[in-house]
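The following note sets out points on the fold, the core and selected residues of the entry below. Please read it alongside the sequence and the coordinates.

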Amino acid sequence: MKQQCRWHKYFTSGELEQAAVQAILHAAQQAIRQHGAFHIVLAGGTTPRRIYELLRTADAEWAAWHVYFGDERCLPVDHAERNSHMAALALLDHVAIPHGHIHPIPAERGAEIAASAYTKTLDGIELFDLVLLGLGEDGHTASLFPGHDPGSAADAPAAIAVHNAPKPPPQRVSLSAHRLSNTRQLMFLVTGNAKQQAIKNWRDGVKIPATFIIPTSGVDIYLEAGLLEEQAERTN
Ligand code: 6PG
């Protein structure tokens, strides 16, 4: 199946963040209305932090939210560089999502053990309602890096251990491309000029890890307009 991309460009990061917050809340309302629960996968890195901070003031049905992580860094549980730590500080510590509905990746236990433990955690969760992902300068997403197996096969485990990641720390756990694709909606959140080449490669059809994420409903890419400028000039 070919990845369907919908590109949403914004002229300021503030506009992008507001649009992402509205899209997340809309997805939550829809899911809760349709099946009483909202299963969301949070992105790591720095780009989503402001979006999470904005979300915490929203009037949402937090009790119906179930939170998972797209990837995690193999660091102690309270380490400041953990994606779970960033998400807790920005959102989860401030809203009434039941503790039992928040599922951090136990990456402090080491990549292999954590990956198999998280694969078990995801047993029984068929489709996510919404997956949030970032994009790295080399085209990586979650902790799926160029030159590494993205786990896009149908029998790929839900979570995979990542070693020798080019972005520190080298030991990580990532949801596989196959598992990340099992979602009703998927949003990429992309800011920072350093990602211009990755975006150009993506739009030119170059296989980067982000292109292995293929939900049947397609993907929505929220990005800063500046990341598309050079291409616009090229096509005009
Ligand atoms: C991580 C992330 C990673 C991130 C991208 C973009 O743990 O590092 O999951 O995939 O989303 O590297 O990072 P920034 O948002 O910080 O640019």
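Does Ala142 count as buried or exposed? At 12% relative accessibility, Ala142 counts as buried, where buried means under 20% relative accessible area, exposed over 50%, and partly exposed in between, with a 1.4 Å probe and protein chains only.

1. Basis of the note. The model is predicted: local features need pLDDT of at least 70 and side-chain atom pairs count only at pLDDT 80 or more, whereas totals for chains, interfaces and linings use all residues. Residues are numbered from 1 along each chain as its sequence is written, and side-chain values use heavy atoms, with hydrogens and water left out.

2. Overall fold. Seven helices and nine strands make up the secondary structure of the protein chain; these are DSSP runs numbered from the N terminus, with helices (H or I) of at least four residues and strands (E) of at least two. The radius of gyration is 17 Å, close to the 18 Å that the globule rule gives for 236 residues, so the chain is as compact as a globular protein of that length. The radius is taken over C-alpha atoms, and the rule is 2.2 Å times the number of residues to the power 0.38. Along the principal axes, the C-alpha atoms fill a box of roughly 50 × 40 × 35 Å.

3. Of the 236 residues, 56% count as buried. Among contacts (heavy atoms within 4.5 Å) with a separation of 6 or more, 78% come from residues 24 or more positions apart. The accessible surface comes to about 10,600 Å², with 51% of it belonging to carbon and sulfur atoms; the areas come from the Shrake-Rupley method with a 1.4 Å probe, and for residues only the protein chains shown count as cover.

4. Nonpolar core. The largest nonpolar core has 78 residues, and Tyr52, Trp65, Leu132 and Phe188 have the most contacts inside it. Such a core is a set of buried Ala, Val, Leu, Ile, Met, Phe, Trp, Tyr and Cys residues joined through side-chain atoms within 4.5 Å. Helix H1 (residues 13-35) gives the most to this core, with eleven residues. Leaving aside neighbours within four places in sequence, the contacts of Phe188 include Leu133, Trp202, Ile213 and Tyr222.

5. Six of the eight residues of helix H3 (residues 83-90) are buried, namely Asn83, Ser84, Met86, Ala87, Ala88 and Ala90. They pack against strand E2 (38-42), helix H2 (49-55), strand E3 (65-69) and strand E4 (71-73). In helix H6 (residues 196-203), Ala198, Ile199, Lys200 and Trp202 are buried.

6. Tyr118. This residue lies in helix H4 (residues 111-121). Tyr118 counts as buried, at 1% relative accessibility. Beyond its neighbours within four places in sequence, Tyr118 is in contact with Tyr68, Phe69, His103, Pro104, Ile105, Pro106, Ala159 and Leu175. Tyr118 and Tyr52 are 66 residues apart in sequence, and their C-alpha atoms are 23 Å apart.

7. Ser176. The loop between strand E7 (172-175) and helix H5 (177-180) holds Ser176. At 0% relative accessibility, Ser176 counts as buried. Not counting residues up to four places away in sequence, Ser176 touches Leu144, Pro150, Gly151, Ala156, Pro157, Ala158, Ala159 and Ile160.

8. Backbone points to check. Ala142, in the loop between strand E5 (128-133) and E6, has a positive phi of about 45 degrees although it is not a glycine. Asn164, in the loop between E6 and E7, also is not a glycine and has a positive phi of about 55 degrees. Asn164 counts as exposed, at 62% relative accessibility. The peptide bond from Pro168 to Pro169 is cis, with omega near 0 degrees; Pro169 is placed in the loop between strand E6 (159-162) and E7.

9. Lys2 lies in the segment before strand E1 (5-10). With a relative accessible area of 71%, Lys2 is exposed. Lys2 and Phe212 are 210 residues apart along the chain, while their C-alpha atoms are separated by 9.2 Å.
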